[in-house]
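Try each task before reading its solution.

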Amino acid sequence: MAPLHPHRAFWLIAATYVMVLFASAAPSPLYPIYQELWGFSSLTLTLVFAVYVVTMLVSLLTVGSLSDHIGRRPVLAVALVLLIASMVLFVVAQDVGTLLAARALQGLATGAAMGTLTATTVDLQPTARLGSTIIGAAPAFGLATGVGVAGLLVEYAPAPRILVYEVILGLFAALLIALLVVPETRERVAFTSRRHLATTLAPQVRVPREVRPVFFASAPTLVATWSLGGLYLSLGSSVVARVFGVTNHGEAGLILFTFFASATVTSLFITGRPATVKQAYGYPTLAIGVLISLSGVMTEVLPLYILGSLVAGSGWAATFLSAMDNITAATPPAQRGQVFSSVFVASYLAFSVPAVIAGIVVSHIGLRATVIGYAGYVLAVALFGAALAVVMRRTATRAEVAATATEDAPEPVAVGES
């Protein structure tokens with residue numbers, strides 16, 4: 001079977017990227033149904049959320065760089081098989097235990113896929129601008145359509161508890177078959193010994209020395225953006241239902257959809273701009289959007305909350321893209337799987353840890369107080385990230401000026417020369 005042209009393969013990988021994120025967000029609108037059916041507590045619901053994140057992080061920490069050694073396609077194939085198996089568990093789930101198992105398996109598969117998909121996208125990108133667009137838009141678009149489509153199916157389609165998973169299962173099966181014609185973008189590098197293999201699979205975050213300055217400078221950006229995403233996906237449904245009284249699952253899913261849809265649209269329009277421009281637009285927009293959303297929660301005005309979600313989503317995309325552009329530019333091709341897996345480790349820790357804490361705290365101090373504290377934390381990290389970006393930019397500018405001055409300085413004339 002002849003391999004696809006790299007440009008067509010690029011779009012197939014982009015579709016896979018979107019579907020993995022779509023599947024990760026799809027269970028969110030169904031959690032209230034599970035609670036009603038099986039009568040479990042909010043703490044148990046937090047555990048369902050946490051087990052997905054924990055297993056995904058374990059996967060990222062262990063097999064995240066494996067595609068740099070054995071190739072991209074084998075890792076993606078195994079991840080898709082595991083995702084199909086997790087969808088089967090969701091379909092047959094009749095209790096909390098099976099739901100936990102399904103979410104845990106999905107986490108393992110998603111962790112294996114995310115860094116590899118990002119690396120493959122960069123490997124196959126027809127242009128750097130298009131690759132940046134997909135890397136920025138795919139997570140937002142996948143999450144947006146996941147909560148939006150799942151909410152509509154839950155509210156209006158037959159078999160609301162299983163239909164969305166059956167649809168996802170079929171699409172993953174089609175993508176797995178299509179993967180057979182995707183060209184391999186990374187040559188296999190043999191392991192020199194069992195110790196080399198064990199070292200590669202040992203749980204750790206590995207960032208090459210030459211990438212570390214950019215990676216650590218981008219860390220506040222990753223934390224601010226993914227923490228905000230965690231706020232919407234963890235507490236968003238509760239806010240929409242309990243603060244604004246929206247009980248229709250389809251409407252609730254569409255309200256959550258606005259944040260990620262705005263991020264997707266912004267990604268399409270802002271791609272190609274320098275990372276500094278994205279930061280200059282992203283950080284203030286993100287902060288303003290959070291404040292508007294928070295004011296909507298405090299005054300119980302739903303249109304204000306939706307407006308804030310639109311503004312915050314736009315800032316989310318621009319800020320996240322600026323970090324990914326900087327990290328991508330600094331990363332050697334042979335280490336993309338490793339570095340992007342480390343990026344998603346940082347991102348999903350920021351996404352999950354505050355969300356889990358919020359899920360525990362909300363029963364003690366109430367939903368509004370938890371949302372205020374969560375939003376304050378996001379704003380504080382965003383402010384720190386913006387200040388760090390300004391300092392880094394000024395330092396780089398001074399270094400460029402100094403280098404230019406050195407190049408323009410006249411050659412010293414030796415004594416006695418005429």
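**Exercise 1. Find the handedness of the crossing of H13 and H14, and then how the two helices are arranged.**

Step 1. The crossing of H13 and H14 is right-handed. A crossing is called left-handed if the near helix is turned anticlockwise from the far one by less than a right angle, and right-handed if clockwise.

Step 2. Locate the two elements: H13 covers residues 302-330 and H14 covers residues 336-365. Helices here are DSSP runs (H or I, at least four residues), while strands (E) need at least two, and numbering starts from the N terminus.

Step 3. Their axes come within 10 Å and cross at roughly 155°. That angle makes H13 roughly antiparallel to H14. Angles under 35 degrees count as roughly parallel, over 145 as roughly antiparallel, 65 to 115 as roughly perpendicular, and the rest as oblique. The axes themselves are lines fitted to C-alpha atoms, for helices over the stretch in contact, with angles from 0 to 180 degrees between N-to-C directions.

A word on the source: this is a predicted model, in which local features need pLDDT of at least 70 and side-chain atom pairs count only at pLDDT 80 or more, while totals for chains, interfaces and linings use all residues. Residues are numbered from 1 along each chain as its sequence is written, and side-chain values use heavy atoms, with hydrogens and water left out.

**Exercise 2. Describe the H6 and H7 pair by axis distance, angle and handedness.**

Step 1. The axes of H6 and H7 come within 8 Å.

Step 2. They cross at roughly 160°, and the two helices are therefore roughly antiparallel to each other.

Step 3. The crossing of H6 and H7 is right-handed.

**Exercise 3. Which way does H10 run relative to H12, and how far is Thr221 from Gln279?**

Step 1. H10 spans residues 212-243 and H12 spans residues 275-299. Their axes come within 12 Å and cross at roughly 20°, so H10 is roughly parallel to H12.

Step 2. The crossing of H10 and H12 is left-handed.

Step 3. Now look at Thr221, which lies in H10. With a relative accessible area of 2%, Thr221 is buried (under 20% is buried, over 50% exposed, and in between partly exposed, with a 1.4 Å probe and protein chains only).

Step 4. From C-alpha to C-alpha, Thr221 and Gln279 are 9.1 Å apart in space, although 58 residues separate them in sequence.

**Exercise 4. How many salt bridges are there, and which parts of the chain do they link?**

Step 1. Apply the rule: a side-chain nitrogen of Lys or Arg must be within 4 Å of a carboxyl oxygen of Asp or Glu. The count comes to 3 salt bridges.

Step 2. Arg72 and Asp123 meet in a salt bridge at 2.9 Å, N to O. Arg72 belongs to H5 (residues 72-92) and Asp123 to H6 (residues 96-124), so this pair ties together parts that are 51 residues apart in sequence. Arg72 is buried at 2% relative accessibility, whereas Asp123 is partly exposed at 23%.

Step 3. Asp325 pairs with Lys278, and their closest N and O atoms are 2.3 Å apart. Lys278 is buried, at a relative accessible area of 1%.

Step 4. Glu300 forms a salt bridge with Arg368, with 2.2 Å between the closest N and O atoms. Glu300 sits in the loop between H12 and H13 and Arg368 in H15 (residues 367-408), 68 residues apart. Glu300 is partly exposed at 47%, and Arg368 is partly exposed at 31%.

**Exercise 5. Where are Ala159 and Glu300, residues other than glycine with a positive phi?**

Step 1. Ala159 has phi near 50°. Its place is the loop between H7 (128-156) and H8 (163-178), and at 40% relative accessibility Ala159 counts as partly exposed.

Step 2. Glu300 has phi near 60°, and its place is the loop between H12 and H13.
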